[in-house]
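Please look over the model shown here before reading on.

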Amino acid sequence: MKTHSLICRLGVSDKTAVSLDRPGSICTEIQFIAGDKRLEFGIGQAMSQLAGLGMKPSETSADLAILAALITAADTRISRTENSQNAWTREMDLYVPVADPGKWSRLAPLLVTTLNFLTGDRWRFFFRARPDKMKALVPELTQLRTAYPTCICLFSGGLDSFIGAVDLIAEGEEPLLVSHYWDPNSTSPYQNSCFEAVKKRFPKTTLNRVQARMGFPEGIVKGSSGENTLRARSFLFFALAALAADATGEPKTIHVPENGLISLNVPLDPTRLGALSTRTTHPFYMARVNELFAELGLQTQLLNKYAHRTKRQ
């Protein structure tokens with residue numbers, strides 16, 4: 001069993017000594033701030049797109065996005081076969097600078113419950129204050145607001161989210177579509193073609209989107225070759241959607257279009273038992289994320305309107 005500790009750094013001034021709770025673990029520091037103070041790994045890209053629409057998220061939702069990105073780094077770059085005794089369960093400690101470390105520390109048990117259920121791993125979270133020069137990470141607006149979405153809708157490029165967007169618009173909503181991808185040659189083209197198809201079908205509806213390339217290069221975590229089970233991917237998706245919802249400055253529902261059979265992942269064969277089954281939109285998991293949003297003071301919640309429908313329906 002190899003344990004890993006991932007430390008998020010915010011700029012060159014972030015030199016705070018971090019004492020590892022497990023001194024023997026493999027330690028990796030990841031720099032989240034580029035030289036121009038822009039947040040890396042897709043977060044800054046998402047904020048720029050929101051700013052282009054005249055919308056600015058809070059520092060709290062920015063912290064959530066950074067946390068979700070660090071979780072993604074651990075989930076996608078720490079191999080299960082190389083770092084666990086049972087070829088599945090990993091032990092990972094994350095150290096994150098935030099605007100309000102007291103609030104986040106109180107939420108650490110909720111995060112552990114949420115992520116352990118989602119990925120089948122053993123997570124631990126440790127929070128500290130941001131460095132003085134990085135007290136504000138969200139850039140000030142320089143453009144007037146041009147987008148007034150009525151809700152947020154996840155838009156993955158798959159059939160369920162495509163139907164979700166179409167249904168919302170047909171009901172009179174103007175959703176802000178939120179997407180993320182890593183490989184620009186796989187997921188992104190489907191998202192683009194679906195977006196263009198929706199715009200063509202509803203030319204009178206004002207349709208905007210946030211689409212960010214979010215991920216981490218191979219080899220960024222020491223002593224590990226990478227992992228492709230990607231159990232934590234929806235937490236990053238939800239955090240990005242929360243960033244967008246928060247940027248509107250108004251209470252907003254985040255629609256998570258997913259048929260109920262996939263959300264529950266009924267064990268139809270041995271590969272769908274226990275943690276082997278993905279839980280990206282499982283009702284228990286989504287309820288915990290909504291609890292996290294509420295505790296953070298974010299005026300948004302996840303809603304899956306298709307929880308009681310099959311793919312065919």
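**Overall fold, surface and cysteines**

The accessible surface of the protein chain is about 13,900 Å², and carbon and sulfur atoms account for 53% of it. This model is predicted. Its secondary structure consists of 10 helices and 9 strands.

The C-alpha trace of the protein chain spans about 60 × 55 × 35 Å along its principal axes. A compact globule of 313 residues would have a radius of gyration near 20 Å, so the 19 Å of the protein chain agrees with that expectation. Of these 313 residues, 53% count as buried. Contacts between residues at least 6 apart in sequence can be sorted by their separation along the chain: 76% of them join residues at least 24 apart.

The protein chain carries 36 positive and 30 negative charges. The mean position of the positive charges and that of the negative charges are 2 Å apart.

How many disulfides does the structure hold? The count is 0. For Cys8, the nearest cysteine sulfur is that of Cys27, 12 Å away, and Cys8 is in no disulfide. A pair of cysteine sulfur atoms would have to be within 2.5 Å to count as one. Cys8 has a relative accessibility of 0% and therefore counts as buried.

Cys153 is likewise in no disulfide. Its nearest cysteine sulfur belongs to Cys151 and is 6.8 Å away. Cys153 is buried, because its relative accessible area is 0%.

Methods. Residues numbered from 1 in each chain as written. Predicted model: local features only at pLDDT ≥ 70, side-chain atom pairs only at ≥ 80, totals over all residues. Heavy atoms only, no water. Helix = DSSP H or I, 4+ residues; strand = E, 2+ residues; numbered from the N terminus. Rg over C-alpha atoms; globule rule 2.2 N^0.38 Å. Buried < 20%, exposed > 50% of the residue type's maximum accessible area, 1.4 Å probe, protein only. Contact = heavy atoms within 4.5 Å. Areas by Shrake-Rupley, 256 points an atom, 1.4 Å probe, with all protein chains shown as cover. Lys, Arg positive; Asp, Glu negative; His and termini not counted. Charge placed at Lys NZ, Arg CZ, Asp CG, Glu CD.
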